[in-house]
Amino acid sequence: MPHSHPTNTSLLELHLTGIPGLQHLHRWISIPFCIMYLITLAGNSILLCMIKADPSLHLPMFLFLSMLAVIDLVMSTSITPKMLGIFWFHSTAISLDACLTQMYFVHAFSVMESGVLVAMAFDRYVAICNPLRYLSILTSPIVAVIGLATLLRAVVFMSPLTFQVRHLPLCSPAVVDHSYCEHMAVLKLACGDAAFSNTYSLSVSTYVGSFDSLLIALSYALILRAVLNLSSLEARKKTFSTCGSHLCVMALFYIPGLLSMYMEKYHQDLPPHVQVLLADIYLLIPPAFNPLIYGIRTKQICDGARRVISR
């Protein structure tokens, strides 16, 4: 049974509805969400342990993969436990400070993940197109600088967003029609003018999504051009398979995220649960698939796992 919305909640406390219109299916929806979260925890944790334990995996590619695993763990953990609490126990209440913290982590780590995906695409380009200069181009200091740059970009872009929301007056009923504290869903509670915050959010999301996906597409286009010049048919098939799986996971990250944001803004006639489910898919599926696609399908990771187990 859907639970009723509170009408006199203190503005220091908000209520998340979960998936609007599908509250009667929350327990069923929680099953795949819980499974994906467990896969995310197990897959990324094992991946980090393998990379740390095997010195042969201390290469730029796997350092970027470690960054991605940490980001996925933090991003998933920032929303999924609370989401499952809503689905299982109707624990909808969340303090305003906790909500803003969750919002910051979700959006900042999404920007960081996008930056790391660009770095990984560049890493693959250098490894395939300039293999003899790979270690001289992607030295440890360069990898550290790239990681720091992705962190600083996320902080610079997302800090003003959270600051703006924190200083907006919010009106009762303090009900967020979402399964987590998504920026635009929280902005609907604003009593004051939220036009600047809306515009800023859309601009940053469009810039990050468009610019980063363009760089990734360019990197893989150059990779494919180089692969087509290979004489070995087996090498071509292997590279096409690897690049195809990488691009599919990246598409699952970028497309649902941008779609959910633009539909929230411009297509408000669509059922709310469609927008919320798209936003959830964007945050839950890539972290579960990344260790499988980038880890298990990578020969060096499998070989490293065998060496660690044999030791």
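How many aromatic pairs does the structure hold? The structure holds eight aromatic pairs, where rings of Phe, Tyr and Trp (its six-membered ring) pair if their centres lie within 6.5 Å. This is a predicted model, in which local features need pLDDT of at least 70 and side-chain atom pairs count only at pLDDT 80 or more, while totals for chains, interfaces and linings use all residues. Residues are numbered from 1 along each chain as its sequence is written, and side-chain values use heavy atoms, with hydrogens and water left out.

A pair of aromatic rings is described by the distance of the centres and the angle of the planes. Planes under 30 degrees apart count as stacked, over 60 as edge-to-face and the rest as tilted. The pair of phenylalanine 33 and phenylalanine 87 is tilted, because the planes stand at 50°, with the ring centres 5.8 Å apart. Phenylalanine 33 lies in helix H1 (residues 26-53) and phenylalanine 87 in helix H2 (residues 60-89), so this pair ties together parts that are 54 residues apart in sequence. Helices (H or I, at least four residues) and strands (E, at least two) are DSSP runs, numbered from the N terminus. Phenylalanine 33 and phenylalanine 87 are both buried; buried means under 20% relative accessible area, exposed over 50%, and partly exposed in between (1.4 Å probe, protein chains only).

Tryptophan 88 and phenylalanine 89 form an edge-to-face pair, with 6.2 Å from centre to centre and 80° between the planes. Tryptophan 88 is partly exposed, at a relative accessible area of 30%, whereas phenylalanine 89 counts as exposed at 64% relative accessibility. Elsewhere, Tyr104, Phe105 and Phe109 make up one aromatic cluster.

Serine 30 is also found in helix H1 and counts as buried at 2% relative accessibility. The side chain of serine 30 makes a polar contact of 2.8 Å with that of tryptophan 88. A polar contact is a pair of N or O atoms within 3.5 Å; within protein, one must be able to donate a hydrogen and the other to accept it, and residues adjacent in sequence count only if both atoms are side-chain atoms. Leaving aside residues up to four places away in sequence, serine 30 touches Leu84, Phe87 and Trp88, contact meaning heavy atoms within 4.5 Å.

**Cysteines**

There are two disulfides in the structure, a disulfide being a pair of cysteine sulfur atoms within 2.5 Å. One links cysteine 99 and cysteine 181, with the sulfur atoms 2.0 Å apart. This pair links distant parts of the chain, 82 residues apart: cysteine 99 is in helix H3 (residues 96-129), and cysteine 181 is in the loop between strand E3 (175-176) and helix H6 (183-187). The link is left-handed, with -125° about the S-S bond. Cysteine 99 and cysteine 181 are both buried.

Another disulfide joins cysteine 171 to cysteine 191, at 1.3 Å from S to S. Cysteine 171 lies in the loop between helix H5 (140-166) and E3, and cysteine 191 in the loop between H6 and helix H7 (195-228), so the pair ties together parts that are 20 residues apart in sequence. With the bonded cysteines numbered in sequence order, the pairing is 1-3, 2-4.

| Residue | Relative accessible area | Class |
|---|---|---|
| Cysteine 34 | 18% | buried |
| Cysteine 129 | 26% | partly exposed |
| Cysteine 171 | 30% | partly exposed |
| Cysteine 191 | 41% | partly exposed |
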